[in-house]
Amino acid sequence: MPKKLLDEEYTLFEDSSATEGREVEETYDPSIRDAKAVVTQYTSSAGGTLVISGMWGRIKGPAFTRGKILEGAAQTEGMTIAVPAREFTPDGYGITVSCQVVRSKEGAITSTIPMCAWGDDNTASFVAVVTPETAAQDPEKVDLEKAALDTARVRAESRKPIGAAQAG
């Protein structure tokens, strides 16, 4: 994964691919061949967090996989779907992105989290960009079109041909 994303606004904070990624690989959809998972967290100086949980391999049903990723992310303990998934095709990216809004409750704190996913023939990922503003926002007011565009940008910035040297 790159050291920086979204025009260098977010900096790699933690790469859990070796631990959490291994768990994803062992429990994921068997229709994905040669799956390799990545689980990373980025932070911004403005207090935002960007989380990516995805994989690459040979994906038989990209749209199905995209849906399963969002479904799985929303089933995490303390999460409830506030705005059901909708599909977007951000201009200039040639990919369909599905986005939903979930509410996360941890103790007395409830946060609004826009989460999106893409799936193509060889990559699929979930992306959540949470800022102090979106965390406190009414779920119905979240700009899912912007979340979809951010997700398409993350995809464009993070996909590399297999075996390509990693810049960074």
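How many disulfides does the count come to? The count comes to one disulfide, a disulfide being a pair of cysteine sulfur atoms within 2.5 Å. Before we look at it, a word on the ground rules. This is a predicted model, in which local features need pLDDT of at least 70 and side-chain atom pairs count only at pLDDT 80 or more, while totals for chains, interfaces and linings use all residues. Residues are numbered from 1 along each chain as its sequence is written, and side-chain values use heavy atoms, leaving out hydrogens and water.

The partners in the disulfide are Cys 99 and Cys 116, with their sulfur atoms 2.1 Å apart. This pair ties together distant parts of the chain, since Cys 99 belongs to strand β6 and Cys 116 to strand β7, 17 residues apart. Strands here are DSSP runs of E with at least two residues, helices are runs of H or I with at least four, and both are numbered from the N terminus. The torsion about the S-S bond is about 110°, so the disulfide is right-handed. Cys 99 is buried, with a relative accessible area of 0%, and Cys 116 counts as buried at 1%. For these labels, buried means under 20% relative accessible area, exposed means over 50%, and partly exposed is in between (1.4 Å probe, protein chains only).

A nonpolar core is a set of buried Ala, Val, Leu, Ile, Met, Phe, Trp, Tyr and Cys residues joined through side-chain atoms within 4.5 Å. The largest one has 22 residues, of which Leu 50, Ile 52, Cys 99, Leu 144 and Val 154 touch the most other members. At least two residues of this core come from each of β4, β5, β6, β7, β8 and α4, and α4 gives the most, with five. A second, separate core has 14 residues, including Ile 32, Met 55, Ile 59 and Phe 126. In soluble globular proteins, nonpolar side chains tend to be buried together. Leaving aside neighbours within four places in sequence, Cys 99 is in contact (heavy atoms within 4.5 Å) with residues including Leu 70, Pro 84, Phe 88, Met 115 and Leu 144.

Now turn to strand β8. Seven of the eight residues in β8 are buried, so this strand is mostly covered. Strands pair if DSSP finds at least two bridges between them, and β8 has two such partners to look at. Strand β4 (residues 49-59) runs antiparallel to β8 and is joined to it by eight bridges; here Val 51 has Ala 128 as its bridge partner. Strand β7 is also antiparallel to β8, with five bridges, and Gly 119 stands opposite Ala 124 of β8. β7 and β8 form a hairpin with three residues between them.

Helix α2 comes next. At 1.5 Å a residue, its 13 residues should span 18 Å, and the end C-alpha atoms are 19 Å apart, which agrees. The expected span is 1.5 Å times one less than the number of residues in the helix. Among the buried residues of α2 are Pro 62, Ile 69, Leu 70 and Ala 73. The buried residues of α2 pack against β3 (32-44), β4, β5 (79-88), β6 (97-106), β7 and β8.

The charged side chains complete the tour. The structure holds six salt bridges, each a side-chain nitrogen of Lys or Arg within 4 Å of a carboxyl oxygen of Asp or Glu. In α2 (residues 62-74), Lys 68 and Glu 71 lie three residues apart, about one turn of the helix, and their side chains meet in a salt bridge (3.1 Å, N to O). Lys 68 is partly exposed at 36% relative accessible area, and Glu 71 is partly exposed at 41%. An α-helix has 3.6 residues a turn, so residues three or four places apart point the same way.

Asp 7, Lys 146, Asp 150 and Arg 153 are linked in a network of salt bridges. A further salt bridge joins the side chains of Asp 120 and Arg 155 (2.7 Å, N to O). This pair links distant parts of the chain, 35 residues apart: Asp 120 is in the loop between β7 (109-119) and β8 (123-130), and Arg 155 is in helix α4 (residues 144-158). Asp 120 is buried at 9% relative accessible area, and Arg 155 is buried at 12%.
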